Every structure is written in structure tokens, then in C-alpha cells.
There are 2 protein chains.
Amino acid sequence: MKFLSLASMLLMACFSLSPAQAQFAKPEDAIKYRQSSLSVMGTHFSRLAGMAQGKIPYDAKVAADNAAVVEFMAKLPWTAFGEGTDQGGNTKAKPEVWSDNAKFKDAADKMQAEVVKLGAAAKTGKLDDLKAAVSATGGSCKNCHDNFRNK
Amino acid sequence: MKFLSLASMLLMACFSLSPAQAQFAKPEDAIKYRQSSLSVMGTHFSRLAGMAQGKIPYDAKVAADNAAVVEFMAKLPWTAFGEGTDQGGNTKAKPEVWSDNAKFKDAADKMQAEVVKLGAAAKTGKLDDLKAAVSATGGSCKNCHDNFRNK
């Protein structure tokens, strides 16, 4: 009985740490949510990338505003990659998201860490800082897409 | 010449106030962006509605977290309703968004004002406060959908 109680507690702890199943009624809902939040993040990141590449005029205030949205959005998608959301809807997620979940989480964490640095770089008002941070963040996006997203 | 200069300045001021055209390369991009940001907002609002309706157990911390996301997301969609984005993609936006734009902006402002109150209500830790704010916010969503979105 003691073992079962401990197992129950661990199970409950897991659910409270990863409540994706409880948060989305259907896999399609989770898929739509993660795609939507990543798409919004991508829109704002692409503006920063445009500035870094000289395609959009650099404006420190606009850069900081866009980076703040990227930083906020980067926290959202991950609860929507719960078990059972590997199929349904029009997902491009590879099976490795779930079969190599530790590596996926590591890639997601790395992206979020780069995005925090991006937010700080955008606030310095220096284009060179932004360029370096955009490059590092873009690398973390690519790393995850290469390993965990079908084309 | 004086008149032309003034006209040019006004034109530039309009663009800097409403830079939607500059922010989205294609109407489809703007449509995807506004749908994505509203969808993410809707996901988090539906959790608060679930708590208000007793379908999801009330948890003050979870409510405050979800309300914070709703509050952030509510600021995003509006630049993506620029001129020329009434068609393209799979938009449900009615022509009235543009033909009666002042009324649309008023509805959007009202929703954002309700959402700020929702964030404050979620922080009180009182379910009754949340219920009242969810009801008012839901009314502002419905008002805008009834007038400006096709079913």
C-alpha cells in the first residue's frame, strides 16, 4: 500500500507538471494551439530578422517591442505537445518529439534561453547586439525544426 | 506646395499609426496572424470560462496565469486588420470591419478594456470576481463576433 500511495503521488505530480491532456479537449486543439502560438512568435521574430539583415529599417523601439512579443510567445507552445497529440490535425511534428522527448525539451529550453537574450539585446538599442542575438535565436529555431519538424 | 507638404506629413503620420501594410508582406500573412493570435487568446479565455461555469476546478493561480495570457494576446490582432486584408486566406471577417472601421475599433477597444478588468479580477483570488469579469469579457467577444465575423 505504501508503494501504491507513493506511485499515486508521483503520478499526480507528473500531471500537475505536465497538464497538457487536461488543458486540451482534443489533439486537434493542442495542435492548433501550438501552431498558432509558434506562428505568432515567428511573425515577430521575422521582423527582427529583417532588421538584422537590413531588409527592414532598424528602429530600436520597434525591435524591443517585437522581441518582447517573441519572449512572451516562446513560453506558450510546450504544454500543447502532450502525449497523444502526435496525430490529428495537420501536424508536422516528427515522432521524435515524443520518442526522444528529453532532447526535444532540451531544444525547447535552449530556444527559450536564446529568446531571453534576444529580449535583452533588443533593449540595448545597438543593432550589432540585435544581429548577434537574432543569429543565435535563429540557430535554436533551426536546430529544433531540423530534428523535430517535417518539412 | 505648403498643402502638399502637409498632406505628405499627414500621410506619413497615418502610416506610422497604422503600419499594418508594412508589417505583413501579403494579406494571407495578416489573416493568419490575426486568426492565430485570437485563437491563442480564445484557448486561454475558454479555460477561465470553464472555471466560471464550474466545468474546470477553480484554481486562483491557474486563473491568474491564463488571464495574463489573455491580456497580452488581446493587444496583438489589430494591426493585422489593415486595408487590403479583407480578402485572401480563409478570413471570416465581414466587410464592415473596414466599411464601419470606427465601430470595429470601438468594439476592439471595449474588449481590451474588459480583458484588463479580467486580469485584475483573476488576481483577487475570488471566484465571484472571475465569474463577473468572464461574463463581461465574453459579452465583448460576442458583440464583436456578431457584428464583424461571419459564422
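**View 1. Rotation relating chain B to chain A in the predicted model.** Chain B is superposed on chain A by a rotation of 180° with 0.0 Å of shift along its axis, and the RMSD of that superposition is 0.0 Å. This is the relation of a two-fold axis. Among the residues of chain B, Ser36(B) comes closest to the rotation axis, its C-alpha lying at 2.3 Å. The same surface serves both copies, since 100% of the contact residues of chain B recur in chain A.

**View 2. Extent of the interface between chain B and chain A.** Contact involves 16 residues of chain B and 16 residues of chain A, and the area buried between the two chains is about 1300 Å², with 68% of that area given by carbon and sulfur atoms. On the side of chain B, the residues that lose the most area to chain A are Tyr33(B), Arg47(B) and Phe72(B), which together account for 37% of what that side buries.

**View 3. Polar pairs and contributing helices at the interface of chain B and chain A.** Sorted by class, the side of chain B that touches chain A has 8 nonpolar, 6 polar and 2 charged residues.

Notes: Residues numbered from 1 in each chain as written. Chains lettered and ligands numbered in written order. Predicted model: local features only at pLDDT ≥ 70, side-chain atom pairs only at ≥ 80, totals over all residues. Heavy atoms only, no water. Least-squares fit on C-alpha atoms with pLDDT ≥ 70 in both. Contact = heavy atoms within 4.5 Å. Buried area = accessible area lost by both parts, 1.4 Å probe. Polar contact = N/O pair within 3.5 Å; in protein donor to acceptor, adjacent residues only side chain to side chain. Helix = DSSP H or I, 4+ residues; strand = E, 2+ residues; numbered from the N terminus. Nonpolar A, V, L, I, M, F, W, Y, C, P; charged D, E, K, R; others polar.
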